[in-house]
Amino acid sequence: MLTVTQLARQFGISRATLLYYEREGLLTPSCRSENGYRWYGEKEVSLLGDIVAYRAYGLPIASIKSLISQKAQTQPQILKAHFNALEREIQVLKAQQKAIVALLQEPYLLEENIVNKERWTQIMAASGFSENDMVKWHQTFEQMEPEEHQKFLESLGIAQDEIVRIRAL
């Protein structure tokens, strides 16, 4: 039998993470002593190994709950769904890369103000960007190149108060 701290150390996770898994209903101690200590046996050690592996795959807690309880989907179904979600995210990132490459190959469009805010939004949407993707794009641009982000927004003819709002996303 292992304590919370011992079990957490065995898997290289924090004690807080282990207690979080308990609060989320993923892992329950096999017993508690009179002084309130949690004790985990072989079954819980094996289960935590699965949980840690699923988290390493990037699965959300809700999917792990489903896997553990086997109520909704099977492990292959959940892993395939997660794989597909990752693939969609990769495609969005590739579309973002293509949009940036296109912009870099034709920077004169921005300099001549041929591309305004509305046109840029249309280009991004046509490249597969959702509203959320566009927000992430601006956040990344702001984080990596704040001065260039400011210049870019100005080149689209956006009012200063709106630029402030966009840069604060």
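Residues are numbered from 1 along each chain as its sequence is written, and side-chain values use heavy atoms, with hydrogens and water left out. Because the model is predicted, local features need pLDDT of at least 70 and side-chain atom pairs count only at pLDDT 80 or more, while totals for chains, interfaces and linings use all residues.

Helices are DSSP runs of H or I with at least four residues, numbered from the N terminus. Two packed helices are described by the angle between their axes and the distance between the axes. The axes are lines fitted to C-alpha atoms over the stretch in contact, and the angles run from 0 to 180 degrees between N-to-C directions.

The axes of helix α1 (residues 4-11) and helix α3 (residues 42-56) come within 11 Å of each other and cross at roughly 45°. That angle makes α1 oblique to α3, where angles under 35 degrees count as roughly parallel, over 145 as roughly antiparallel, 65 to 115 as roughly perpendicular and the rest as oblique. The crossing of the two helices α1 and α3 is right-handed, a term used if the near helix is turned clockwise from the far one by less than a right angle, with anticlockwise giving left-handed. On the side of α1 the contact (heavy atoms within 4.5 Å) is made by Leu-7, Gln-10 and Phe-11, and on the side of α3 by Val-45, Leu-48, Gly-49 and Val-52. Sorted by class, the contact of α1 with α3 has five nonpolar residues, two polar and no charged ones; here Ala, Val, Leu, Ile, Met, Phe, Trp, Tyr, Cys and Pro count as nonpolar, Asp, Glu, Lys and Arg as charged, and the others, Gly among them, as polar.

Thr-3 lies in the segment before α1 and is buried, with a relative accessible area of 16%; buried means under 20% relative accessible area, exposed over 50% and partly exposed in between, for a 1.4 Å probe and protein chains only. Leaving aside neighbours within four places in sequence, Thr-3 is in contact with Arg-38, Trp-39 and Tyr-40. Thr-5, placed in helix α1 itself, is partly exposed at a relative accessible area of 28%, and its C-alpha atom is 41 Å from that of Glu-142, which is 137 residues away in sequence.

The 15 residues of α3 should span 21 Å at 1.5 Å a residue, and this agrees with the 21 Å between its end C-alpha atoms, the expected span being 1.5 Å times one less than the number of residues. Glu-44, Val-45, Leu-48, Ile-51 and Tyr-54 are the buried residues of α3, and they pack against α1, α2 (15-23), α4 and α5. After α3 comes Gly-58, whose phi is positive, near 90°.

Helix α4 (residues 61-69) contains Ala-62, which counts as exposed at 57% relative accessibility. Between Ala-62 and Ile-100, 38 residues apart in sequence, the C-alpha atoms are 35 Å apart. The buried residues of α5 are Ile-78, His-82, Ala-95, Gln-96, Ala-99 and Leu-103. Ala-102, also placed in helix α5, is partly exposed with a relative accessible area of 41%.

In α9 the buried residues are His-149, Gln-150, Phe-152, Leu-153 and Ser-155, and the helix is followed by Gly-157, whose phi is positive, near 75°. Arg-167, in helix α10, is partly exposed with a relative accessible area of 26%. Not counting residues up to four places away in sequence, Arg-167 touches Glu-142, Pro-146, His-149, Gln-150 and Leu-153.
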